[in-house]
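I open this notebook to keep track of what I look up in a structure that is new to me. My entries go from one feature to the next.

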Amino acid sequence: MTLSGPDKVAEYCINQLFKKNSVIMVNPVSWLVMKILPIWIKLPLMTNAIKREIEA
């Protein structure tokens with residue numbers, strides 16, 4: 001799913017929201033990295049990503 005168009009990504013995200021998943025990762029590589037990393041590394045990464053989204 002790394003090269004999916006916006007329609008496919010939106011459909012996937014909406015389906016995941018109906019499943020009540022708390023985190024939606026469209027990119028499987030990102031999902032794998034986030035599963036493997038310890039929380040003390042994950043937390044700053046997620047915080048920075050959220051800050052970038054808010055500023056955009």
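Entry one, the second largest pocket. I looked up its volume in this predicted model, and the second largest pocket holds about 160 Å³ of space. I then asked which residues line the second largest pocket, and the list I noted is Met 34, Leu 45, Met 46, Ala 49, Ile 50, Arg 52 and Glu 53. Sorted by class, the lining of this pocket comprises five nonpolar and two charged residues, with no polar ones. Helix α3, which covers residues 39–55, gives the largest share of that lining, namely six residues.

Entry two, the surface. I found a nonpolar patch there, formed by Trp 31, Leu 32 and Ile 36, and together these residues have about 340 Å² of accessible area. Is Leu 32 buried, partly exposed or exposed? I wrote down partly exposed, because its relative accessibility is 45% and that class lies between under 20% for buried and over 50% for exposed.

Entry three, the whole protein. I recorded three helices and zero strands, so that, by the definition of these elements, the order from the N terminus on reads α-α-α. The protein has 56 residues, of which 4% count as buried.

Conventions. Residues are numbered from 1 along each chain as its sequence is written. This is a predicted model: local features need pLDDT of at least 70, side-chain atom pairs count only at pLDDT 80 or more; totals for chains, interfaces and linings use all residues. Side-chain values use heavy atoms; hydrogens and water are left out. Patches are made of residues with over 30% relative accessible area and no salt bridge: like charges are joined within 9 Å, nonpolar side chains (Val, Leu, Ile, Met, Phe, Trp, Tyr) within 5 Å. Accessible areas come from the Shrake-Rupley method with a 1.4 Å probe; for residues, only the protein chains shown count as cover. A salt bridge is a side-chain nitrogen of Lys or Arg within 4 Å of a carboxyl oxygen of Asp or Glu. Buried means under 20% relative accessible area, exposed over 50%, partly exposed in between (1.4 Å probe, protein chains only). On a 1 Å grid over the protein atoms alone, a cavity is a set of points where a 1.4 Å probe fits but cannot get out, and a pocket is an open set with protein on both sides within 12 Å along at least five of seven lines; lining residues have an atom within 4 Å of a point. Grid points are joined across faces, edges and corners, and a volume is the space filled by probe spheres set on the points. Helices (H or I, at least four residues) and strands (E, at least two) are DSSP runs, numbered from the N terminus. Ala, Val, Leu, Ile, Met, Phe, Trp, Tyr, Cys and Pro count as nonpolar, Asp, Glu, Lys and Arg as charged, and the others, Gly among them, as polar.
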